[in-house]
Amino acid sequence: QVQLVESGGGLVQPGGSLRLSCAASRSIFGISVMGWYRQAPGKQRELVATISRGGSTNYADSVKGRFTISRDNAKNTVNLQMNSLKPEDTAVYYCNTPLPRPAYDSWGQGTQVTVSS
């Protein structure tokens with residue numbers, strides 16, 4: 001099992017920025033796609049952004065132009081830069097792969113992002 005630890009969340013005002021980080025317990029080099037998810041209270045977990053090993057990215061329409069995902073394979077980290085935050089971005093954010101990989105079938109504790117004035 002790969003352990004994933006998210007960090008960097010916090011309380012910010014609308015329009016503010018946060019940078020989230022995800023640290024994996026072992027190499028993510030062999031995982032072609034990693035992503036960031038979020039889950040708001042009472043809602044299902046949704047995929048926010050993905051990044052391939054080669055750096056290709058995809059974003060949900062709701063965050064496109066505001067969020068930037070990146071990965072550092074050497075450091076086994078995946079990051080999410082969040083700008084122009086909105087109250088609707090409030091959620092617990094998780095990292096994981098969208099691919100069906102048994103070693104990644106457990107979720108981390110996530111990191112709380114709260115956008116409020």
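A residue counts as buried when its relative accessible area is under 20%. Cys-95, at 0% relative accessibility in this predicted model, is therefore buried.

**View 1. The disulfide between Cys-22 and Cys-95.** The structure holds one disulfide. Its partners are Cys-22 and Cys-95, whose sulfur atoms lie 1.7 Å apart. The torsion about the S-S bond is about 50 degrees, so the disulfide is right-handed.

**View 2. Burial of the two cysteines.** Cys-22 has 2% relative accessibility and therefore counts as buried. Cys-95, with 0% relative accessibility, counts as buried too.

**View 3. The open sheet of six strands.** The strands follow the order β2-β10-β9-β4-β5-β6, and their pairing is mixed. The edges are formed by β2 (10-12) and β6 (57-59); each has a single partner strand, so one side of each is left without a neighbour in the sheet. On average, neighbouring strands of this sheet are turned by 20 degrees against each other, direction ignored.

**View 4. Pairing of strands β9 and β10.** Strand β9 covers residues 91-96 and strand β10 covers residues 111-115. The two strands pair in the antiparallel sense over three bridges. Within this pairing, Tyr-93 stands opposite Thr-111 in β10.

Terms used: Residues are numbered from 1 along each chain as its sequence is written. This is a predicted model: local features need pLDDT of at least 70, side-chain atom pairs count only at pLDDT 80 or more; totals for chains, interfaces and linings use all residues. Side-chain values use heavy atoms; hydrogens and water are left out. Two strands pair if DSSP finds at least two bridges between them. Helices (H or I, at least four residues) and strands (E, at least two) are DSSP runs, numbered from the N terminus. Axes are lines fitted to C-alpha atoms, for helices over the stretch in contact, and angles run from 0 to 180 degrees between N-to-C directions. A disulfide is a pair of cysteine sulfur atoms within 2.5 Å. Buried means under 20% relative accessible area, exposed over 50%, partly exposed in between (1.4 Å probe, protein chains only).
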